[in-house]
Amino acid sequence: MPRVLMVRDQQPRCQIEDIGDDQLPDRAVTVDIEYSDLNYKDAMAVTGKGKIVRDYPMVPGIDFAGTVRESSDDRYASGDQVILTGWGVGERYWGGYAETMRVDADWLVPCPDPMSTREAMQLGTAGLTAMLSVIRLEQAGLPAGSQVLVTGATGGVGSWAVQMLSHLGYAVHAVTGKPDQGQWLKALGAVEIHERAEFEADTRPLEKGRWAGVVDNVGGKMLANILAQMDYQGRVAAVGLTGGVELPTTVMPFILRGVSLLGTDSVMIPIQQRRVAWQRLAALPNDLFSKMHVDEIGLGQVSEVAEAMMAGKTYGRVLIDPHK
Ligand SMILES: NC(=O)c1ccc[n+]([C@@H]2O[C@H](COP(=O)([O-])OP(=O)(O)OC[C@H]3O[C@@H](n4cnc5c(N)ncnc54)[C@H](OP(=O)(O)O)[C@@H]3O)[C@@H](O)[C@H]2O)c1
């Protein structure tokens, strides 16, 4: 009888329920979930503040990590440790806010050695996306040791991106709306902290070039202003929309400075690219995990923490133990 967090399109929106194994989806791999997590997209799904859930009732949770109980697919066997992120799980298909879930084998990646399932969810979609952004910037020729900017820096993607870019030797500037977290961002490796307001003023289509690379979690006017501040042939990984979906920019950064705007998606990224990213994540030193701020909660606290995340009041990562 797995315990799940069920979301319905009615009040109350979220309820913890015990369901029968026969109510789990009819899919190839049954996973006993050890950890899930809370991403911005999960917060939108749980609160109903974004049109994320495609089908009700829904077990949300776009990520989970756990141990295979049984599998009718040859690629996985009982006892294997696995990770799932994206593929529409927690949006179209039942997801990780459950003690047990049944999923397609195509959606899983093996948990890479020596990573634990807890560490996998300390990263989750946020850590995977930060690594995919780093790979995008590297492939677009980011010069070693250059000046890079991370927006939404205290968030899940942002704080992992700060740590990863700093670990790789870049001079990381962090943009945040939470200046009180400046010391923590410096402990993660940021060389300078910038207040969000600095990037929200009206600017000209081209400003003085400052950044060789950017990981942007915010979008909107902030992204437009950053494009105007890019160095010649600078590159920007566009990840998020916490500041809005519009992009009020001009063609000037692209045609006069050769700037590249690199779309970065973690949901449908092909399995080979995921495996490469997870191998790189598994090679990160332990101290990056110990420096990450993690709030660990149970299913009963998900609604409250999701509201706080939508209000911009969380930082670091939120880990979910579905057995709590
Ligand atoms: N493309 C993909 O595959 C992918 C994958 C993961 C996430 N995302 C997107 O990336 C973004 C970050 O996700 P996350 O899970 O890291 O979320 P998160 O942990 O909630 O972090 C978001 C951060 O954005 C900043 N922020 C919040 N509201 C803002 C506002 N109104 N204006 C400017 N900045 C604001 C805050 O950082 P500060 O207070 O430090 O400024 C906040 O901590 C979301 O938009 C998410 O949907 C996309």
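**Notebook: aromatic pairs, cores, ligand surroundings and backbone**

I looked up the aromatic pairs in this predicted model and found three, using the rule that rings of Phe, Tyr and Trp (its six-membered ring) pair if their centres lie within 6.5 Å, with planes under 30 degrees apart counted as stacked, over 60 as edge-to-face and the rest as tilted. For W184 and Y315 I noted ring centres 5.1 Å apart and planes at 75°, so this pair is edge-to-face. Because W184 lies in helix α4 (residues 182-188) and Y315 in the loop between α9 (302-310) and β15 (317-320), the pair ties together parts that are 131 residues apart in sequence. Helices (H or I, at least four residues) and strands (E, at least two) are DSSP runs, numbered from the N terminus. I read W184 as buried at a relative accessible area of 14% and Y315 as partly exposed at 21%, where buried means under 20%, exposed over 50% and partly exposed in between (1.4 Å probe, protein chains only).

Before going on, I wrote down that residues are numbered from 1 along each chain as its sequence is written. I also wrote down that local features need pLDDT of at least 70 and side-chain atom pairs pLDDT 80 or more, while totals for chains, interfaces and linings use all residues, and that side-chain values use heavy atoms, leaving out hydrogens and water.

Next I turned to the nonpolar cores, each a set of buried Ala, Val, Leu, Ile, Met, Phe, Trp, Tyr and Cys residues joined through side-chain atoms within 4.5 Å. The largest has 48 residues, and those with the most contacts inside it are I83, M115, W160, M164 and L281. Among the elements that give two or more residues to this core I listed α2 (117-139), α3 (156-167), α4 and α7 (271-282), and α2 gives the most, with 11 residues. This core draws at least three residues from each of domain 1 (3-111 + 293-320) and domain 2 (126-263), with bounds that come from an automatic or database domain assignment. Apart from this core lies another, of 42 residues, including L24, A45, V53 and A105.

I then followed helix α1 (residues 40-47), where six of the eight residues are buried, so the helix is largely enclosed by the rest of the structure. The buried residues are D42, A43, M44, A45, V46 and T47, and they pack against β1 (3-7), β2 (14-18), β3 (29-38) and α9, a contact being heavy atoms within 4.5 Å. Just after α1, G48 takes a positive phi of about 80°.

Around the ligand I found 25 residues, of which T154, V157, T176, T264 and S266 come nearest; a residue counts if one of its heavy atoms lies within 4 Å. A ligand oxygen is 2.7 Å from a polar backbone atom of S266, and a backbone N or O atom of G156 lies 2.8 Å from an oxygen atom of the ligand.

Lastly I checked the backbone. The peptide bond from Q11 to P12 is cis, with omega near -5°, and P12 sits in the loop between β1 and β2. Another cis peptide bond joins Y56 and P57, with omega about -10°. W87 has a positive phi near 65° though it is not glycine, and at 16% relative accessibility W87 counts as buried.

Note on methods
A polar contact is a pair of N or O atoms within 3.5 Å; within protein, one must be able to donate a hydrogen and the other to accept it, and residues adjacent in sequence count only if both atoms are side-chain atoms.
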